[in-house]
Amino acid sequence: MRLPIQLIIGALLTSFFVIAVLVSFVWTPHDVTVLTIADKLQPPSAKYWLGTDHFGRDMFSMLMVGARTSIAVAIVAVGIGMGIGVPLGLMAAANKGSLLDEVIMRGNDLIFAFPSLVIAILITAVFGPSAVNAILAIGIFNIPVFARVSRGAALSIWTLDYILAARTFGKGRVRISAEHILPNIANLLIVQGTIQFSLGILAEAGLSYVGLGAQPPTPSWGRMLADAQTMIYTKPMLAILPGMAIVLMVLGLNLMGDGLRDLLDPRIRRER
Amino acid sequence: MISLRKLNLSIHRLPILKDVSFDIAQGQIFGLVGESGSGKSMTALALMQLLPQGFSASGQVMVDGTDVLALSEAQMCALRGNEIGMIFQEPMTALNPVQTIGDQVAETLLIHGKANKAEAAKIARRMLNRVGLPEDKFPASRYPHELSGGQRQRVCIAMAIALRPKLLIADEPTTALDVTTQAQILELLQELVAEEDMSLLLITHDLAVVAGMADYVAVMRKGEIVEQGQTEHLFKTMSHPYTRQLFEASSHQPDHGAKTQDTPILEVINATREYAAPRTKLFHRPPPFRAVDNVSFTLKRGESLGLVGESGCGKSTLTRAILGLDALQGGEIRLSGEPVLAGQHMPTHLRQKVQVVFQDPYGSFNPRHKVLRLVMEPFHLTAPPDNAREHVAEALETVGMPADAMDRYIHEFSGGQRQRIAIARALVLHPDLIVLDEAVSALDVSIRAQILDLLADLQKRLGLSYLFISHDLTVVQAITDRVLVMQRGKIVETGPTEQVFTSPAHPYTKQLLDAAPQIPADWQAR
């Protein structure tokens with residue numbers, strides 16, 4: 001069996017960043033909390049692989065530790081969205097047309113009605129800027145996305161004969177949802193999950209960019225971009241490096257999502 | 001006029017057609033018969049050059065003197081619709097749901113530049129009238145969802161004949177339709193061929209349909225034409241064993257002499273189920289729609305009872321009530337004396353007594369589970385036994401499947417094998433009653449004959465009772481002892497199968513029997 005090419009590229013890109021994060025816990029080329037003003041704005045060299053920023057911090061180490069923040073925020077935010085959104089969506093689909101369905105879906109519409117990043121800024125502004133509040137804000141806006149995707153997909157599965165058969169075996173709604181519906185919508189959820197994961201990384205970068213995400217001295221890709229913007233004409237590398245990191249991470253996740261969907265579906269697997 | 005010479009076709013190097021040769025003369029109806037996968041649809045698509053990616057074809061496909069295999073895509077576009085029209089099996093998906101029927105018929109004319117907008121609309125109207133959709137009842141501004149399946153198929157025909165093509169290809173045009181509708185559509189096609197002097201390539205799996213329609217028949221198997229000839233001659237001689245096999249399978253009578261006992265297993269007493277009809281006016285609530293109207297019948301232990309009716313007659317609603325999935329509004333259903341309740345209210349020991357086999361062998365199983373888990377699923381009603389594997393193996397062997405099938409996924413099996421697995425799943429709890437909801441309708445005739453034999457054999461061995469729900473009269477005639485005919489929610493006729501089929505009392509039963517296509521009796525001599 002051949003693996004889909006986008007899965008290989010996506011997995012390579014993603015694992016590159018994940019390894020960077022894991023390594024950053026035990027080793028970075030330089031300490032990112034130590035400022036070496038004498039070495040500020042160095043070009044890439046044997047000592048500083050990707051050069052240094054305006055405080056003389058090593059860019060390579062900053063990117064490694066910054067990936068930690070991005071990935072952690074995105075994982076937890078998607079986790080919140082999936083963990084709450086998917087059960088809500090399944091519940092709504094299992095009780096289609098009932099009051100519960102209406103309450104869940106209209107609640108979703110309510111959250112959808114607010115521009116997510118603006119509310120995220122509001123939340124972090126009210127509760128104080130921190131990585132935890134950024135996670136919560138991004139996570140809450142993932143809930144309706146997952147609820148809607150899972151409800152829509154679940155509804156089409158509910159009409160199939162094997163659901164009817166399962167009902168004649170006396171299985172209840174919860175049991176059917178967990179055993180028959182969830183595995184058959186998992187491919188959609190995985191694809192949506194990777195998209196939301198990459199959106200989470202973008203949102204975290206955005207919040208950090210305006211100073212509402214992870215706080216100094218914790219490095220973050222978004223704040224590295226913000227710091228670099230005053231020097232973008234003189235030292236473009238300072239902006240390009242974190243920018244590229246964000247692009248590659250998001251691209252890798254999206255490719256991996258597509259590839260995973262193809263791989264996980266036994267029906268598609270047969271046709272290849 | 002149409003002439004195929006040694007057409008060979010392969011898709012991604014997989015051979016599909018082998019040396020297919022036939023001719024269709026002008027004004028002739030040519031029947032192409034075969035089971036699924038025999039390559040009959042691919043032959044039609046080769047004529048239209050609508051083949052899937054990665055194909056390679058050799059040979060000659062002459063349409064009016066030009067070889068379509070040599071034409072470019074642009075030249076084919078001019079040919080399609082203009083010289084060759086096509087209608088498909090599924091009228092529900094063959095029309096664009098957001099375009100009016102008038103626009104869709106006119107579109108063919110506009111694309112080929114044969115008329116301006118106003119003329120095209122006029123011709124479209126005329127075509128719709130021609131296919132039996134008169135203007136006062138079916139204005140061109142109707143949308144497909146406002147029409148029934150048969151009416152939609154008429155729209156598809158109007159689209160296909162709008163430019164008066166020389167050849168009309170009909171790929172299983174009536175398979176998705178009820179018998180009475182099927183008879184009307186076939187009659188319309190016959191009329192059109194005679195009036196417009198078209199040729200018709202009729203592709204079907206149903207021998208009886210070609211027997212009544214075609215001038216000339218070709219039988220296909222595995223990409224090859226095994227036999228072709230003038231219809232009556234072909235049926236009378238049946239020189240190729242496969243033709244004979246197909247014929248025997250389609251009129252197969254399983255030996256179902258099981259003993260019927262006097263104790264009732266299922267009693268339906270005045271069952272009634274209504275649905276709220278959609279509102280058409282703001283302040284007026286229309287009367288509810290009665291899907292099942294005061295239905296009563298009894299099914300005895302060891303008996304197989306047929307329930308016949310066309311789509312929308314309420315047989316599915318009744319089935320769901322019998323299975324304890326939906327509640328009734330009036331009346332009662334009793335299963336071996338105990339009342340059937342809907343949903344979680346139904347006690348598990350009662351649920352064990354009735355199991356179901358559905359029509360679609362592809363939709364009946366969760367594609368993500370292996371066969372072992374699928375067949376084990378009914379054990380949810382009892383505690384799963386320790387030797388579940390043995391139970392599953394036994395059930396699989398009962399239906400003629402190897403026990404090692406349980407470690408494979410369902411997509412690895414063919415339609416007939418899946419239906420066997422579905423029966424195994426229904427048998428694993430040793431129920432008293434099995435509801436067969438169109439259980440053989442989606443299968444090829446030879447597979448259908450095997451499944452019918454299996455069902456008859458199981459009934460004899462295990463003393464099962466069957467409720468056999470179908471729109472297909474030949475199947476019901478083959479396997480049931482007694483039959484109920486259902487129309488608009490009511491049982492209009494009931495009696496022993498032989499009697500109902502030979503001397504129907506109710507006009508609707510007569511209508512159904514007349515509409516069913518049949519091979520003339522004197523053709524069956526051999």
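Start at a turn in chain B: in the hairpin of strand 19 and strand 20, Arg488(B) takes a positive phi near 45°. Two residues lie between the strands of this hairpin. Bear in mind that the model is predicted.

Strand 19 of chain B covers residues 482-487 and is joined to strand 20 of chain B by six bridges. The two strands run antiparallel. Met486(B) has Ile491(B) as its bridge partner in strand 20 of chain B. Val485(B) stands opposite Glu493(B) in strand 20 of chain B. In general, strands of a sheet pair through backbone hydrogen bonds, either parallel or antiparallel.

Now widen the view to the sheet. It is an open sheet of six strands in chain B, with the order 16-17-18-13-19-20. The pairing is mixed. Strand 20 (490-496) and strand 16 of chain B stand at the edges. Each has a single partner strand, so one side of each is left without a neighbour in the sheet. From one strand to the next, the twist averages 20°.

Move to the strand 16 end. Helix 14 of chain B, residues 415-427, lies across strand 16 and strand 17 (433-437) of chain B. The helix runs at about 170° to strand 16 of chain B.

The largest nonpolar core has 226 residues, and Leu202(B), Val375(B) and Leu467(B) touch the most other members. Helix 2 of chain A gives the most to this core, with 21 residues. Take Val375(B) as an example. Leaving aside residues up to four places away in sequence, Val375(B) touches Val392(B), Ala395(B), Leu396(B), Met406(B), Ile421(B), Ala424(B), Arg425(B) and Val428(B).

Of its 36 residues, 28 are buried, so helix 2 of chain A is largely enclosed by the rest of the structure.

Finish where the chains meet. Chain B brings 21 residues to the contact, and chain A brings 18 residues. On the chain B side, helix 11 (348-351) and strand 16 (354-357) each supply at least two residues. The chain B residues that touch chain A divide into nine nonpolar, eight polar and four charged.

Methods: Residues are numbered from 1 along each chain as its sequence is written. Chains are lettered from A and ligands numbered from 1 in the order in which they are written. This is a predicted model: local features need pLDDT of at least 70, side-chain atom pairs count only at pLDDT 80 or more; totals for chains, interfaces and linings use all residues. Two residues are in contact if their C-beta atoms, placed from the backbone, lie within 7 Å. Helices (H or I, at least four residues) and strands (E, at least two) are DSSP runs, numbered from the N terminus. Ala, Val, Leu, Ile, Met, Phe, Trp, Tyr, Cys and Pro count as nonpolar, Asp, Glu, Lys and Arg as charged, and the others, Gly among them, as polar. Two strands pair if DSSP finds at least two bridges between them. Axes are lines fitted to C-alpha atoms, for helices over the stretch in contact, and angles run from 0 to 180 degrees between N-to-C directions. A residue is buried if 20 or more other C-beta atoms lie within 10 Å of its own, exposed if 12 or fewer, and partly exposed in between; C-beta atoms are placed from the backbone. A nonpolar core is a set of buried Ala, Val, Leu, Ile, Met, Phe, Trp, Tyr and Cys residues joined through C-beta atoms within 7 Å.
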